[in-house]
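Hi,

Here's the structure I promised to pass on. Have a look at it first, then read my notes below.

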Amino acid sequence: MGPKSTWKSLEIESELNKIDFIKECCLIITSEEGSHPNIVAMLALVEKVGIKLSDVKRKIVNNLKSTVKINEVVIVDALPRLPSGKVDKISLLKTFNQNK
């Protein structure tokens with residue numbers, strides 16, 4: 001993932017974090033062919049009760065620019081952390097691959 005993709009990921013994550021029922025999020029890019037990356041949003045919700053995946057996806061579409069396409073959304077209990085406190089993206093990728 002190049003610097004442009006990293007910057008775009010941070011911009012998308014910032015927009016997703018503005019959604020009231022999203023506690024925290026992280027994007028992973030599972031493949032990048034040309035200019036069409038496969039973007040997966042890994043989300044931890046404030047409260048899962050009563051929130052449908054379709055509602056989450058609809059809210060994401062409404063909050064993001066039309067040029068941004070998140071291909072998949074995965075709900076997790078919490079984002080895994082490294083001892084440094086940063087999100088463990090390798091563990092997230094493993095979680096994504098297990099949920100496929």
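Let's start with the cysteines. The sulfur of Cys26 sits 7.3 Å from the closest cysteine sulfur, which belongs to Cys25, and that's too far for a bond. A disulfide would need the two sulfur atoms within 2.5 Å. So Cys25 isn't in a disulfide either, since its nearest cysteine sulfur, that of Cys26, is 7.3 Å away. Searching the whole structure turns up zero disulfides. Are these two cysteines buried or exposed? Cys25 is buried, with a relative accessible area of 8%, and Cys26 is buried too, at 3%.

Keep in mind that this is a predicted model. The mean pLDDT of the protein is 82, and 85% of its residues reach 70 or more. Confidence is lowest in helix H1 (residues 3–16), with a mean of 72, and highest in strand E3 (residues 72–76), at 88.

Now for the inside. In soluble globular proteins, nonpolar side chains tend to be buried together. Here the largest nonpolar core has 17 residues, and Ile12, Leu16, Ile22, Leu43, Ile60 and Ile70 touch the most other members. At least two residues of this core come from each of H1, strand E1 (22–33), strand E2 (36–45) and helix H2 (53–63). E2 gives the largest share, four residues.

Cheers

Key: Residues are numbered from 1 along each chain as its sequence is written. This is a predicted model: local features need pLDDT of at least 70, side-chain atom pairs count only at pLDDT 80 or more; totals for chains, interfaces and linings use all residues. Side-chain values use heavy atoms; hydrogens and water are left out. pLDDT is the predictor's confidence in each residue, from 0 to 100. A nonpolar core is a set of buried Ala, Val, Leu, Ile, Met, Phe, Trp, Tyr and Cys residues joined through side-chain atoms within 4.5 Å. Buried means under 20% relative accessible area, exposed over 50%, partly exposed in between (1.4 Å probe, protein chains only).
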